[in-house]
Amino acid sequence: MKALRFDRFGSLDALQLVETPTPTHESGEVLVRVHAAGLNPSDVKNVLGRFPYTTLPRIPGRDVAGEVVQGPGGLLGARVWASGREPGFLRDGTHAQYVTLPADGVTRLPENLSFAEAAAVPVPYVTALEALDRSLVGPGTPTVIIGFGAVGSAAYALALARGARASVAVRRAEQAAALRERGADAFVFAEREDFTAQVRDRFADGAEAIFDTSGFHLPATIPALAAGGRTAVIAAPPDGHERVPVLDLYRRGGTLIGVNSLLHDTVRTAGALRTLAGLFESGGLRAPAGIVERPLLEGQEAYRDVADGATAKVVLTPWN
């Protein structure tokens, strides 16, 4: 089969398109023919050596949508999706024509999603789902989402599906205008004080939940929280450090929540994907938009585009 593989860390030059034997599934596993595989920023960081537990050589890729071609009879021929902490890190991943996975780690994908649409879902939506769950976002919850990339847009869609009062904070006026044209409540901010004022213009008592998907605005979220409010974060500045106004945080009774989808294996992630499948099939969530499909043959270039900050959701299609 064809696959992307790297045998050293530190440079995307290490990522090569190779011919390698099709993997053999073991007892309790399935062999999945990959129809589409999401490309996430964490996949790029993996090749660059940001995850010390990754073993080499390794085929990267966390997310997959495909068809079971070998494994337990009840799953043969099933359209499935999967994600988790093992593929691409502890075992060969999904940026290939085939991948083996635990049978309990795959679940049937929504009937109303294509393979490409399904492959765009797992990491962004599972991350957003955990952030909203742990931030106690429900009907009527005043919620602000900072950033509108793959995770931010997923979080906004999920917040609306729950009936939350949700707003989006972005840094560019043209992005806010585009979001407003789509019916979203979006605002632009530049400084901490501006962010607080904008939030309190919308929610007089502050936001009960703020989800910072950018990793650069954590200090700004604290003064904007309501009493007992929660801030969830999924990223950090390049040096890994941020100054937080702790006095303000504890006086508000606030909570900081770190969200890391790589803490969860494929079996646990399958439970989240079942929840999401129900929302897509019921119409509570719409299919992801703005997907860019790239053939596996262009995998190295696609990785570089994501590394350079491409905002579109990239999905690799191994059989193109």
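This is a predicted model: local features need pLDDT of at least 70, side-chain atom pairs count only at pLDDT 80 or more; totals for chains, interfaces and linings use all residues.

I started with D305, which is partly exposed at a relative accessible area of 29%.

Next I looked up the partner of D305. D305 forms a salt bridge with R294, and their closest N and O atoms are 2.9 Å apart. D305 belongs to helix α10 (residues 299–307) and R294 to strand β14 (residues 291–295), so this pair ties together parts that are 11 residues apart in sequence. I checked R294 too: its relative accessibility is 11%, so R294 counts as buried.

Which residues are linked with R294 and D305 in a network of salt bridges? I found E298 and E301 there, joined with R294 and D305.

Then I turned to E29. Its side chain meets that of R91 in a salt bridge, at 3.0 Å from N to O. E29 sits in strand β3 (residues 29–39), while R91 is in the loop between β5 (79–82) and β6 (98–102), so the pair ties together parts that are 62 residues apart in sequence. Is E29 buried or exposed? I noted E29 as buried, with a relative accessible area of 13%.

My last pair was D7 and R8, a salt bridge with the closest N and O atoms 3.9 Å apart. D7 is exposed at a relative accessible area of 53%, and R8 counts as partly exposed at 43% relative accessibility.

To finish, I wrote down the tally: a search of the whole structure finds 13 salt bridges. Among them are D305 with R294, E29 with R91 and D7 with R8.

Terms used
Residues are numbered from 1 along each chain as its sequence is written. Side-chain values use heavy atoms; hydrogens and water are left out. A salt bridge is a side-chain nitrogen of Lys or Arg within 4 Å of a carboxyl oxygen of Asp or Glu. Buried means under 20% relative accessible area, exposed over 50%, partly exposed in between (1.4 Å probe, protein chains only). Helices (H or I, at least four residues) and strands (E, at least two) are DSSP runs, numbered from the N terminus.
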